[in-house]
Amino acid sequence: MNSYTLKLSQSITGLLLTIGLFSGLAIESQNAALATPIVSENPTDSASPTSLEGTSWILVNWRTENNSNLLETTEPITANFVEGQVKGNASCNRYISSYKTEGNQLQITPGITTRKTCMGEIMERESAYLDALEGVQQYEMNDQGQLLISYTTEQGSGVMTFTPQAIGQLETQTWVLVSLEEATISRVPLKETEITVNFTEDQVRGMGSCNQYMTNYTKEGNKLSINPLATTRKACPSEIMRQEFEYLTALEKAQWYEISPQGQLKISYQAQGGSGVMTFTPQQIER
């Protein structure tokens with residue numbers, strides 16, 4: 001083998017070693033890239049409620065500026081914000097007010113309530129809550145999805161914390177009307193009459209007092225809309241027919257519903273005096 005052939009052989013061998021070295025580095029680099037986890041530059045946070053509407057809220061904590069807890073009653077206090085109106089249970093009575101927002105600023109106007117009388121402590125708590133609503137200044141949603149409402153009154157400042165209330169299932173049972181409240185008037189069904197409502201997947205039916213009724217309905221969150229009703233044509237005494245007419249008229253004007261912590265169904269409806277509430281309890285099955 002002459003010197004030229006030797007040099008050429010050495011050059012080829014060096015070239016092959018170089019190619020092999022770079023190939024090994026490339027494979028190692030590729031494997032390292034595959035082994036490195038890809039981290040998103042824009043991770044997505046879990047969604048939390050950002051709107052007052054569409055949720056039924058129940059008060060779970062109430063602190064004043066001196067850190068005293070005003071939520072000492074077992075009677076539930078609730079708030080539902082629906083199309084410019086806030087309504088709910090103030091402890092003893094139902095209430096309804098108007099509200100408006102601008103950013104996180106919140107203003108609630110003085111409202112109206114039903115006129116039931118409860119024990120002194122409950123009435124005091126209700127009065128303080130209604131005063132606080134009128135002094136509301138702003139709201140925010142915390143990381144736990146709770147609604148925090150800040151207020152200032154003549155008695156001082158405070159923060160009320162609400163948590164989303166389980167809406168409950170309409171379709172689980174037959175409900176029996178126990179009261180119909182409208183402004184300052186509260187009525188109960190006549191003796192020996194029964195008013196019921198039963199919700200299936202898309203139909204609502206029941207007993208109006210004298211006649212059976214049925215129609216379709218839709219719901220979105222706690223909003224409730226009931227179509228015009230069809231009824232049987234049985235005739236009963238005038239006071240029963242009047243009661244049935246008032247109930248069916250209210251039912252057709254339903255706006256929203258909630259299942260209370262006591263397991264009652266409350267349906268709010270549009271009334272001449274502003275708003276009314278029908279309260280139902282689960283029908284007891286005779287054994």
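A: Let's start with Gln155, which sits in the loop between strand S8 (147-153) and strand S9 (156-164). Keep in mind that this is a predicted model. Gln155 has a relative accessible area of 65%, and since anything over 50% counts as exposed, Gln155 is exposed.

Now zoom out for a moment. The protein chain contains three helices and 19 strands. It has 287 residues, and 37% of them count as buried. If you take the contacts between residues at least 6 apart in sequence, 52% of them join residues at least 24 apart.

In general, most residues other than glycine have a negative phi. Glu83 has a positive phi, near 50°. You'll find Glu83 in the loop between strand S2 (78-82) and S3, and its relative accessibility of 61% puts it in the exposed class. Glu192 also has a positive phi, near 65°. Glu192 belongs to the loop between strand S11 (185-187) and strand S12 (196-199), and at 86% relative accessibility Glu192 is exposed too.

On to the cysteines. Searching the whole structure turns up two disulfides. One of them links Cys92 and Cys118, with an S to S distance of 1.9 Å. Its S-S torsion is about 75°, so this disulfide is right-handed. Cys92 is in the loop between strand S3 (85-89) and strand S4 (94-102), and Cys118 is in the loop between strand S6 (112-113) and helix H2 (120-134), so the bond ties together parts that are 26 residues apart in sequence. As for burial, Cys92 is at 3% relative accessible area, which makes it buried, whereas Cys118, at 28%, is partly exposed.

The other disulfide joins Cys210 to Cys236, S to S 2.0 Å. Here the torsion about the S-S bond is about 80°, so this one is right-handed as well. Cys210 lies in the loop between strand S13 (203-207) and strand S14 (212-220), and Cys236 in the loop between strand S16 (230-231) and helix H3 (238-252), so parts 26 residues apart in sequence are tied together. Cys210 is buried, with 5% relative accessible area, while Cys236 has 23% and counts as partly exposed. Number the bonded cysteines in sequence order and the pairing reads 1-2, 3-4.

The largest cavity has a volume of about 130 Å³. It is lined by 16 residues, and the closest to its centre are Arg94, Tyr95, Ile96, Ser275 and Val277. The elements that each supply at least two lining residues are S3, S4, S6, strand S10 (174-182) and strand S19 (274-282). Sorted by class, this lining has six nonpolar, six polar and four charged residues.

Of its 19 lining residues, Asn89, Ser91, Lys116, Gln264 and Lys266 are the closest to the centre. The class breakdown for this pocket is five nonpolar, eight polar and six charged residues. Its lining likewise takes residues from domain 1 (55-164) and domain 2 (174-282), so the pocket lies between the two domains.

Notes
Residues numbered from 1 in each chain as written. Predicted model: local features only at pLDDT ≥ 70, side-chain atom pairs only at ≥ 80, totals over all residues. Heavy atoms only, no water. Disulfide = S-S within 2.5 Å. Helix = DSSP H or I, 4+ residues; strand = E, 2+ residues; numbered from the N terminus. Buried < 20%, exposed > 50% of the residue type's maximum accessible area, 1.4 Å probe, protein only. 1 Å grid on protein atoms, 1.4 Å probe; cavity = no way out; pocket = protein on both sides within 12 Å on 5 of 7 lines; lining within 4 Å. Points joined across faces, edges and corners; volume = space filled by probe spheres on them. Nonpolar A, V, L, I, M, F, W, Y, C, P; charged D, E, K, R; others polar. Domains from an automatic or database assignment. Contact = heavy atoms within 4.5 Å.
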